[in-house]
Structure formats: C-alpha cells, structure tokens
Amino acid sequence: MDSEEIRSAKASLEKAIQSRNTETMLDIMNRLRTGVVATEELLKETRLGLVIGKLRSYPNEKVNECAREIVKKWKTDVSRGRPLKAAATGGANAASPAPKGAGVGTPVQKQSQNQSVGGQRTFKTDKVDVNVTDDKIRNNCVGLIYNALALDTDADSSLILKRSIEIDAQVLARASGNTGSEYRNRMRSLYMNLKDKSNPKLRASVLSEDISAQRLSNMNSAELASEDRRKEDAKLEQENLFHAQGAKPQKAITDLFTCGKCKQKKVSYYQMQTRSADEPMTTFCECVVCGNRWKFS
Ligand SMILES: [Zn+2]
C-alpha cells in the first residue's frame with residue numbers, strides 16, 4: 001500500500017468505526033496488517049498507530065485481537081527500521097512525504113519486486129466496458145471486482161467480466177435487489193478480500209468457479225481471508241479462549257474450588273489441553289459470584 005492508499009484506508013476505517021461496521025473494520029485492518037510495513041514517520045504522520053491502538057479496547061473481540069496483532073507487527077517493523085533510519089536520515093526532511101519507492105519512511109509494498117512497474121491489469125487496460133447494468137453504483141462495483149480478479153491472472157477478459165457480473169448479481173440478490181449499504185458494504189468487503197495480495201488463492205478459486213459467485217457472496221470474513229490468516233486466527237482463538245465471550249468448552253459448576261477473592265465455593269470450570277498431549281490439562285475457573293477468573297494445571 002502506498003501512503004495515499006493508507007490514508008484512504010484510515011479514513012474508511014474511521015468511518016466504519018463510527019458506524020460500528022465490524023466486518024468492514026476487520027477487512028480494512030487485515031489489509032493494513034498485510035499491506036503496511038510500519039515506520040515511526042508513517043505512524044506519526046498518518047496517526048494510524050493511534051487509531052489502531054485504540055481499537056485494542058474496542059468492544060469486539062475479533063477487532064481487539066486484530067488490533068493487538070497489528071500493533072505487535074508494527075512494533076517489530078519499527079524496531080527493525082530503526083538502525084536503517086539512523087543511516088538514512090542525512091538531511092532528509094521528515095515532514096515531507098518521501099517519494100514513491102524511496103527506502104525508509106515510505107510504506108513498502110510487499111512482494112512488489114515481482115511486479116512489473118505500472119503493469120497492473122484493470123478493466124481499463126483490458127478495454128472492457130463495465131457498464132453492464134443501468135445502475136451506476138453496480139457498474140462501478142463490477143469494475144472494482146474486475147480489477148481485483150484481474151490482478152495476477154492471464155485469464156480471458158470475458159471470463160473475468162462474467163465472474164464480476166455474477167458476483168454483482170448474487171450480492172444484489174442477497175441485498176434484496178437494493179443497492180443500499182448492505183450491497184455496498186458487501187461489495188466493498190469482497191473487493192478488498194479479492195485484491196488482497198496475500199490471498200491469490202481466493203481470486204483463482206473465484207475465476208475457476210471452485211468458489212461460485214453465490215458461495216462467495218455468502219462467505220464470512222474468516223472464510224474469505226487467506227489461509228495464513230485463517231491459521232493465525234485459529235491459533236489466536238485457541239490462545240484467547242479463556243477471555244473470549246464466544247464458544248467455550250462446556251462448563252461445570254463445582255464446590256471443589258474456592259474463589260480467592262470472595263471465598264465462595266461457586267466456581268464454574270472447564271479443562272483444556274493447552275500444551276502437548278502428555279502434559280496435564282489446564283483448568284480454567286471462573287467464580288460465578290464475583291466473576292474472578294484464574295487457571296491452573
Ligand atoms: Zn469470587
């Protein structure tokens with residue numbers, strides 16, 4: 001992502017936060033997570049660090065996790081960038097944005113080495129007419145989806161257009177034929193996931209129809225995310241089970257344990273194998289009287 005893309009992503013993120021649209025928030029955050037190599041300058045200049053930092057306490061577990069993960073990654077990025085920066089600061093004006101492609105201080109596009117400069121394929125470069133409906137919003141969306149699908153394929157432009165039209169039709173049907181916010185949020189989400197550089201498999205599967213337009217239109221953000229992302233999510237979910245509000249292993253209430261805080265003996269607990277199989281189970285306890293939580297193994 002270049003600094004302009006980052007700025008626009010930040011603006012969209014702030015909008016999504018305001019309208020409490022967590023699906024869009026997660027989409028944008030995932031893009032920021034994979035597409036941004038953070039530097040101190042970038043975080044200060046865009047105030048992106050602040051926005052993401054705050055999201056660590058947003059009232060949604062998935063958003064928290066994603067924000068924490070981004071902060072962690074960016075901290076690593078920044079500390080990695082430091083020695084380089086010291087060598088490169090010779091007279092550079094920190095306040096002015098560095099030109100595209102200039103080393104430190106510029107957000108670096110991942111995997112950009114393999115791409116020919118300016119060679120990105122779009123409906124415009126393919127000379128494809130995306131005015132396929134009489135609705136401007138829909139035509140714009142078809143164009144966006146086309147550009148995402150065309151990113152790294154040499155598939156025929158008629159096929160890419162066909163899939164884009166199918167996706168538009170499915171999403172529109174799902175939104176009861178209405179191009180309101182449901183349709184637009186969904187198309188935006190699909191566009192962002194489809195053009196995600198770390199998720200070439202999704203694009204390919206949609207083009208080959210391994211994932212039909214209908215199925216795509218119904219996939220949630222976890223299903224849309226790249227395999228790497230899914231693995232990370234699964235790991236995080238495992239690690240954070242204790243704090244998660246969602247699905248937990250079945251709990252039992254016992255008077256075997258005494259709460260250290262309120263000294264009552266009404267404790268719900270569940271056990272889980274958190275480390276290797278030959279080690280004892282970890283027991284997670286929660287006092288049903290005062291909410292105190294602890295674990296032991
Ligand atoms: Zn208690």
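Author: Two strands pair if DSSP finds at least two bridges between them, and strands themselves are DSSP runs (E, at least two residues), numbered from the N terminus, while helices are runs of H or I with at least four. Please keep in mind that this is a predicted model, where local features need pLDDT of at least 70 and side-chain atom pairs count only at pLDDT 80 or more, while totals for chains, interfaces and linings use all residues. Residues are numbered from 1 along each chain as its sequence is written, and side-chain values use heavy atoms, with hydrogens and water left out.

Reader: What makes β2 and β3 a pair?

Author: The two strands share six bridges and run in the antiparallel sense, and at least two bridges are required, so they qualify as a pair.

Reader: Why is β3 called largely enclosed?

Author: Five of its six residues are buried, so the rest of the structure largely encloses β3. Buried means under 20% relative accessible area, exposed over 50%, and partly exposed in between (1.4 Å probe, protein chains only). Across the 297 residues of the protein chain, 40% count as buried.

Reader: Which atoms are the protein donors of the zinc ion?

Author: The SG atoms of Cys259, Cys262, Cys287 and Cys290 lie 2.3 Å from the zinc ion. Donors are N, O and S atoms within 2.8 Å of the metal (3.2 Å for Na, K and Ca), and water is not among the atoms, so sites may look incomplete. Along the sequence, the donor residues follow the spacing C-x2-C-x24-C-x2-C. Cys262 lies in the loop between β1 (252-254) and β2 (267-272), and Cys290 in the loop between β3 (282-287) and β4 (293-296), so this pair ties together parts that are 28 residues apart in sequence.

Reader: Why is the site of the zinc ion called tetrahedral?

Author: Four donors count as tetrahedral if all angles lie between 85 and 135 degrees. Here the angles among the four donor atoms are 105 to 117°, so the site is tetrahedral. For comparison, the ideal angle for four tetrahedral donors is 109.5 degrees.

Reader: Why does Cys262 count as partly exposed?

Author: Its relative accessibility is 28%, so it falls in the partly exposed class. Cys290 is also partly exposed, at 37%.

Reader: What makes Phe257 and Tyr269 an edge-to-face pair?

Author: Rings of Phe, Tyr and Trp (its six-membered ring) pair if their centres lie within 6.5 Å; planes under 30 degrees apart count as stacked, over 60 as edge-to-face and the rest as tilted. Phe257 and Tyr269 are 5.3 Å apart centre to centre, with 85° between the planes, so they are an edge-to-face pair. Phe257 lies in the loop between β1 and β2 and Tyr269 in strand β2, so the pair ties together parts 12 residues apart in sequence.

Terms used: Four donors count as tetrahedral if all angles lie between 85 and 135 degrees; four count as square planar and six as octahedral if opposite donors are over 155 degrees apart and all others between 65 and 115; anything else is irregular.
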